[in-house]
Amino acid sequence: MTDPVVLSGLRPTGRVHLGNYFGAVKNWVDLQNSGKYRCFFFVADLHALTTDYADTEALAAYTRDAVLDWLAVGLDPEKATVFLQSRVPQHAELALYFSMITPLGWLERVPTYKDQIEALRSRDLATHGFLGYPVLMTADIAIYRANLVPVGEDQASHLEICREIVRRFNSLYGPVFPEPKALYTPTPKVNGVDARKMSKSYDNTIGVSESPEGVREKVMAMVTDPARVRRQDPGNPDHCNLFPFHVLYSPPDEVAVVDRECRTAARGCVDCKKHLISNMNPALEPIRQKRAALLSRRGDVVRDVLHAGDGRARAVAEETMERVREAVRLSPEP
Ligand code: TRP
Ligand code: SF4
């Protein structure tokens, strides 16, 4: 028996922020380090094209920044295959085969499909590629015959379609692919500094490799419990956007003190923020240092890591494609 295959990807959006980290990348590192899986992690640059096809200028830099941060937080190219989607053309090839057997209705019914078209109204998303987002995602997974796909709950409908497409392929042509299972990431909820979901498009992020001054400025600007209008108003950590960061970065006994002193107004939010900064900055320091060390190495670390990963990924992907072509019986040879 070989180890189960784990696969996941993220679209390139530049530096990794704490939302990406706790929502995805930290979990990837844990899966990689468990030693129980064959792991594949990739930059989904083709998926970025589904929405950003008219504006590709920044994509390469986003890929570079993302991969540097992945390595800085502990993804290890010796333990996991880290690669770039567009450099493994078998993803696109398998997506074409899947597109033949995927009913339009399945794609049109994906809840995020119409929402996204609405949300990104400035771009024309009435395209073949955008409708086919889940088909390409299915190919990403199936090309490595992946068993487990660590994703956030927001990807649930995509994973469901993916399983249906794979099932349909297997029933038409024979059992080539395992049915992949979503592995939902247990995510502590961290919001952005303005208390909305942390997202680059809201400009409310804190990076995993944020500078100490950056952390200080952003934490000091954070929205806290809106009920604390004056210093002597008691607060409720459950209504405070900052408190979850204490839970992640302060030791449990200090978190208990924060909780108590907030409810009795024994501490003010300014002091509470300074307290958080003093715990957060040392915790992020190793990530900053690792990133700086990677950047100061001779040569181009990101390029080398991706080249090696692309090659390993292609070998597995081509083996799958051989099976696919044979199962579909396109070749005139036996
Ligand atoms: N759709 C995912 C996201 O937006 C990215 C992605 C592309 C992905 N292909 C994938 C995730 C395959 C898991 C498996 O986050
Ligand atoms: Fe939040 Fe701390 Fe202010 Fe309480 S004291 S509202 S936990 S920042």
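How much area is buried between domain 1 and domain 2? About 1100 Å², with carbon and sulfur atoms giving 65% of that area; buried area here is the accessible area (1.4 Å probe) that two parts lose on being put together, summed over both.

This is a predicted model, where local features need pLDDT of at least 70, side-chain atom pairs count only at pLDDT 80 or more, and totals for chains, interfaces and linings use all residues. Residues are numbered from 1 along each chain as its sequence is written, and side-chain values use heavy atoms, leaving out hydrogens and water.

Domain 1 takes in 5-190 + 300-328, and domain 2 covers 209-294; the bounds come from an automatic or database assignment. Their centres, taken over C-alpha atoms, sit 34 Å apart. At the interface, 13 residues of domain 1 touch ten of domain 2, contact meaning heavy atoms within 4.5 Å.

| Pair | Angle | Axis distance |
|---|---|---|
| α3 (residues 59-72) and α13 (residues 269-296) | about 120 degrees | 8 Å |
| α4 (residues 90-101) and α8 (residues 133-142) | roughly 120 degrees | within 8 Å |

Axes are lines fitted to C-alpha atoms over the stretch in contact, with angles from 0 to 180 degrees between N-to-C directions. Helices are DSSP runs (H or I, at least four residues), numbered from the N terminus.

On the α3 side, D65, L68, D69, L71 and A72 meet I287, K290, R291, L294 and L295 of α13. For α4 and α8, H91, L94, A95, F98 and S99 in α4 meet V135, L136, T138, A139, D140 and A142 in α8.

Definitions and conventions: Chains lettered and ligands numbered in written order. Helix = DSSP H or I, 4+ residues; strand = E, 2+ residues; numbered from the N terminus.
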